[in-house]
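Work through the following exercises with the model open beside the text. Each task is followed by a solution in steps.

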Amino acid sequence: MLEWWSADGVTAAVRWIMFAAVTGLAAVAFATVVLRRVGYMKLGREAEQATIPKDERGEQSRRPSVASQVLGHSKLLRDIRSGVMHLIYFYGFIVLQFGAADLIWKKLGGSPIPFPFYGQFAWSQELTVSLVLLAVLYGGFRRYIEQLPRLKRGWKPSLVLWFIGGLMLTVLLTLSFERLSGDPHAVAARYAPVSSVLADWIGKLGVPTGSLASEAGYELFWWLHLLVLLSFLVYVPQSKHFHLLTAPVNLWLGRNAPVGRLTPLDLEDEEAESFGAGAIEHFSQKQLLDLYACVECGRCTNVCPASNTGKLLSPMHLMTKLRDHLTEKGAAITSKSPWIPRVMGGQLAGAHVMGALIPEWENSPEGSVTSIIPTMTAQKEAWGVREGTKAEELELIGDVMSEEELWACTTCRNCEEICPVGNEHVDKIIDMRRYLVLMEGRMPFDGQRALQNIERQSNPWGLPRQERAAWIEDCESRTGVRVRTMQELKRAGAPKPDIVLWAGSMGAYDTRSRKVLYDLVRLLDRAGVSFATLGAEERNSGDTPRRIGNELLFQELCRENIETIARYGISRIVTACPHTFNTFRKEYPDFGLPRDIVIEHHTELLARLLKDRRLTPEHLVKERVTYHDSCYLGRYNGVYDAPREVLKAIPGIELEEMARNRENGMCCGAGGGLMWMEEQSGVRVNRARVSQALEVRPTVIGSACPYCLTMMEDGLKLLEADENTAARDVAELLAASVFGRETA
């Protein structure tokens, strides 16, 4: 009998045949699953490539970024514990592929692969197996014992832990029984610190060396390891772990356009059947690739201002629901099942549909400023299979994504900033908003009113268009500084100014924002900067219409502003509004704004004037300031240091950072058009953000955005903290130091 289990010709031939059969079957199943999902992605439209100069596309910097994220786990390591755990998984699997090949070949070929320093190689394999096993145990602890709110729980999330754990255990047991069987190729015990100890334990349990039981154990666990490995191979593309293949591709194919830039719609395309995304196939193929790259780690939901304040929107569930719908609809359209074998997914008697459920904020942890638990719970309970429903008959907006979710997004991009696989959530939401607004005329009443006002009067309040320049006279009466318009200068034949100061709708109409604009005017005058403004010739930048989804109105405003800029030959624009700054800088060039026109935020200009010593902050401003990062200034345009440099230059100011700052700063709640819409559930985003600011006990919450300034002041009033803490723009604080004005 012992001779039958030996590597004689008959046994080797049978083993080879069985190995070829199961490996070939698994390879065919794997390829079939992958190709079918690729087929589903191809249902999407081909993405149009933006015509952006090479130096602005970031092609040279994108490849190092991909390398740092894939190989260095740069984003994952922001959470050091999960980052290290995933690094062990990632490099562990790479290292262990050599060991798996050696383990399989030893049984098939009768000898190990001749790796150099084979003893050290074997030792490294056992060390890696042990580390991966520890990582599996820690992963289970974080998900099921520590119970991080962002992580899903259930049998599906735990299945991969069983797969990886099973792979590691079968490696060790195969090596242990190889040693017990007396195989001459087993390495010395000093190179097998784990399997040799395990072999001793098994021997003490009654399996003697060289026995039939040890031979059978070696054969059994060798086959088990192979079958678990191949089963995992087939399972991966049918689960969230498809990201092992799709994430590197997704990162490589990431934006070659400026961060956060929205793709323009060709509204004059007579062949277009619709605009925006009203069906899953309306998304681009790259957007659909995002869905299969999602790893369901919950990092996006964990930082989302909507998810954190009891709204239904969860960026992670956005991706997974769209992915489920794509898989089901793709299978229906192509008549190709996504599941191999079918038992893995079953032949569903229906399709996944979003139920009507509202997060119960009252169930959030007592005393918490933010919590994603209500949103996570609501999403889990609302998403389920409706029997008798066909996926191809479902409405993308209504059955898969609710309107409530779409209108809860502030477009802050924190989800995209934190995502380790390069997913882009915001453009999908905007595309669905575009469909609602342009094709169906559906939007919240508040948003509709703001858009109507912008269309009629070029400002969200509907105030008379002719009053847009009223701030100029008021500014002169209050500051004594005369502000000239470009029209005046042109008529007088005067030389062009260094910069054009773009007041924006907030600066021109909002009483509070005017104070910031006036201080900025005083500072420019003190620094000797020649400037002018467009006055009544300004139009709304179009940021609000575009984020709400009215691309038509945005493009009309955009072209009007570009024509005005071209008429005066303007070469440099400074604005105090990050939304205007972003729109001009990132999106107007798609519609003809020359790329050599410099668009600058007022904090950048002030920081430069301070550096050049054209401004001298000499008066003491004794304040404890915490700075709130504007999303459209920071995450969209990378301007984090300039406002802080201005604050640090002011004598007397003590700058204290919030827990969430810079790249991870929480949104104020006003982006994405929500400045003009009321929040319908949970707590107000600005209330949560101000609560975070108050944790560092500031006397001033600093900002560099008129929207943020408004939201911070409103939040302070809601929390009844406005007596001890004020909200101030960076320019106001600098002016207080330069001119000696009181700040509180």
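The model is a predicted one, in which local features need pLDDT of at least 70, side-chain atom pairs count only at pLDDT 80 or more, and totals for chains, interfaces and linings use all residues. Residues are numbered from 1 along each chain as its sequence is written, and side-chain values use heavy atoms, with hydrogens and water left out.

**Exercise 1.** Describe how H10 packs against H11.

*Solution.* Begin with the elements, helix H10 (residues 243-252) and helix H11 (residues 285-293), where helices are DSSP runs of H or I with at least four residues, strands are runs of E with at least two, and both are numbered from the N terminus. Next take the geometry: the axes lie 8 Å apart and the packing angle is about 140°, with axes fitted as lines to C-alpha atoms, for helices over the stretch in contact, and angles running from 0 to 180 degrees between N-to-C directions. H10 is therefore oblique to H11, given that angles under 35 degrees count as roughly parallel, over 145 as roughly antiparallel, 65 to 115 as roughly perpendicular and the rest as oblique. Finally, list the residues that meet: His243, Thr246, Ala247, Val249 and Asn250 from H10, and Lys286, Leu289, Asp290, Tyr292 and Ala293 from H11.

**Exercise 2.** Decide whether Ser82 and Val295 are buried or exposed, and place each of them.

*Solution.* Ser82 belongs to helix H5 (residues 80-109) and counts as buried because its relative accessibility is 4%. Beyond neighbours within four places in sequence, Ser82 is in contact with Leu76, Arg142, Arg150 and Arg299. Val295 sits in the loop between H11 and helix H12 (299-303), and counts as buried because its relative accessibility is 15%. With the same exclusion of neighbours within four places, Val295 is in contact with Lys240 and His243.

Conventions. Contact means heavy atoms within 4.5 Å. Buried means under 20% relative accessible area, exposed over 50%, partly exposed in between (1.4 Å probe, protein chains only).
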